[in-house]
Amino acid sequence: MTDPIQPLEGLVTFDNTYARLPDGFFVPWRAEPASRPQLLKLNESLAAELGFDPDVLAAAAAEVFSGNIVPRGAEPIAQAYAGHQFGGFSPQLGDGRALLLGEVKDQQGRRLDVQLKGSGRTPFSRGGDGKAAIGPVLREYLVAEAMHALGVPTTRALAAVATGDPVYRETALPGAVLTRVASSHLRVGTFQFFAARDQRDHVEQLMHYAIDRHDPQAADSENPALALLAGVVERQALLVSRWMLLGFVHGVMNTDNSTISGETIDYGPCAFMESYDPASVYSSIDHGGRYAFGNQPKIALWNLARLAETLIPLIDSDEERAVARAKETLDGFPEAYVREQLRGSRAKLGLRTETEGDAELFQGLLELLEAAGADYTNSMRALARAAEGDTAALRSRVETNERAESLASDWITAWQARLSKEPEATSAGDRIRSVNPLYVPRNEKVEDALRAAEEGDLTPFDRLLERTTAPFERVEGFDDLTEPASPESPPYRTFCGT
């Protein structure tokens, strides 16, 4: 194997502030060697933002991002955390197939984590192999970068490397490692890990670390723990409102997948909803629909309540008073969510001013889409032409049955009346196109691209990535990427990849 410590002039010097926390927060570890690492994808624009020299990185990327080389300043560690998984608490989870290399600062001076995912077993693997196959790695790469292009707070994908080694699931699959970039990898479950062990001093240290990374103004607050909780509440409200406005289903909103940063993390059983249905579930293991599309706001609040529980001793020495103050802070989530949802829904409808009844207008559209079984993304996009006077495309999508026809007639009339009150109403179509994407990672298109990639052909993947990372502007020759699955297709199901 290549020398594990190799500074590589120009590669960027890492730091790892998390590795300076006390024992128990992590375990120092090394990635399992990749026998024949080969670079599949490198996010060159993100690499430039992080200060990597492109020429040096191009030569070293496969070795560095497979884990064969540890860059200067990096201290690979597996982080400890717990979590509620589908409502049941697991006191120890942790990075079972990931290693935090360390942190780099981007061109704006922001400190960002760089993590390998799929790099082999760690002490937290719980019997798993710690590996990842090419399919799940490229899925996360694609969807994370699409979400970034859609304006959703998210972890990013820096690189995907094939290891040259097989991964065994139902069958042997080609192995790969994803390099993930995040504001941090702190989770609600990280706090739960120490709270479950009654390690109040560790919870307090973690709180100060989280404040330093995400809420520095909270350090001077009268009650830092409460200020941190309030910051996470705001960020999660923004995040989930963006999911809902795009028809995105995360699929596995466990507390270990709920970030303190308010970024989307882990793209396993995720999907973009096609036919609008609040009960949409795509995860193969979510048998009860706990994480259905329409449940996502209330699950986010449930997760936040679990975070609040870990902070109770730090909020106030009087438990009753602490609980009351935490509850008051959590009560801000519905207000923040509704505010962000309303702001986003007005934009999707082409509205710039605020009028009473706008929330009901958007809700009426959702009821119409549900009655029609209409494709969510394409119907939202069709509003642009309808705002310019041509309602044919919208009507063709939503007038699928007698009830939907009636709802459509009433709703279009009400919406057009509301649009007429807007200043510069003629520009509404362009405003709608700027926020309602034409291209999203449609489920069957993703699967087709991943199957081809597993067979060595990245062309479909590159084509899909090209359009979903520039999702608002129509480009000739890509209309097939806007087509939903055939009604005859079997129900779509996704898996976690482990």
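This is a predicted model: local features need pLDDT of at least 70, side-chain atom pairs count only at pLDDT 80 or more; totals for chains, interfaces and linings use all residues.
Figure 1. Leaving aside residues up to four places away in sequence, Val233 is in contact with Leu304, Thr329, Leu330, Gly332 and Phe333. Val233 itself belongs to helix α6, which covers residues 224-246. With a relative accessible area of 2%, Val233 is buried, because residues under 20% are counted in that class. A separation of 28 Å lies between the C-alpha atoms of Val233 and Thr469, which are 236 residues apart along the chain.

**Figure 2. The crossing of helices α7 and α8.** Helix α7 is formed by residues 296-315 and helix α8 by residues 319-330; their axes come within 9 Å and cross at roughly 145°. The crossing of α7 past α8 is right-handed. On the α7 side, the contact is made by Leu301, Leu304, Ala305, Ala308, Ile312 and Ile315. On the α8 side, Glu319, Ala322, Val323, Arg325, Ala326 and Leu330 take part. By residue class, this contact of α7 with α8 comprises 10 nonpolar and two charged residues, with no polar ones. Two residues of this contact, Leu304 and Leu330, also touch Val233.

**Figure 3. The buried and exposed faces of helix α8.** Helix α8 consists of 12 residues and reaches 16 Å from its first C-alpha to its last, close to the 16 Å expected at 1.5 Å a residue. Its buried residues are Ala322, Ala326, Thr329 and Leu330. Viewed down the axis of α8, these buried residues fall within an arc of 100°, so they line one face of the helix. An α-helix has 3.6 residues a turn, so residues three or four places apart point the same way. Turned away from the buried side of α8 is a face that carries the exposed residues Glu320 and Glu328.

**Figure 4. The buried and exposed faces of helix α13.** Helix α13, residues 402-419, has 18 residues; from its first C-alpha to its last it reaches 26 Å, close to the 26 Å expected at 1.5 Å a residue. Ala404, Ala408, Trp411, Ile412, Trp415, Arg418 and Leu419 are the buried residues of α13. Seen along the axis of α13, they fall within an arc of 125° and so line one face of the helix. The exposed residues Glu402, Asp410 and Thr413 are carried by the face turned away from the buried side of α13. Among the elements covering the buried residues of α13 are α10 (358-372), α11 (376-387), α12 (392-398) and α14 (428-435).

**Figure 5. Arg126, a loop residue with a positive phi.** Most residues other than glycine have a negative phi. Arg126 is not a glycine, yet its phi is positive, at about 50°. This residue is located in the loop between β7 (111-117) and β8 (132-133). Arg126 has a relative accessible area of 57% and is exposed, because that class takes in values over 50%.

**Figure 6. Asp198, a loop residue with a positive phi.** Although Asp198 is not a glycine, its phi is positive, at about 55°. The loop that holds Asp198 lies between α4 (188-195) and α5 (200-214). Asp198 counts as exposed, with a relative accessibility of 67%.

Definitions and conventions. Residues are numbered from 1 along each chain as its sequence is written. Side-chain values use heavy atoms; hydrogens and water are left out. Axes are lines fitted to C-alpha atoms, for helices over the stretch in contact, and angles run from 0 to 180 degrees between N-to-C directions. Helices (H or I, at least four residues) and strands (E, at least two) are DSSP runs, numbered from the N terminus. A crossing is left-handed if the near helix is turned anticlockwise from the far one by less than a right angle, and right-handed if clockwise. Contact means heavy atoms within 4.5 Å. Ala, Val, Leu, Ile, Met, Phe, Trp, Tyr, Cys and Pro count as nonpolar, Asp, Glu, Lys and Arg as charged, and the others, Gly among them, as polar. Buried means under 20% relative accessible area, exposed over 50%, partly exposed in between (1.4 Å probe, protein chains only). The expected span of a helix is 1.5 Å times one less than its number of residues. The arc is that of the directions from the helix axis to the C-beta atoms.
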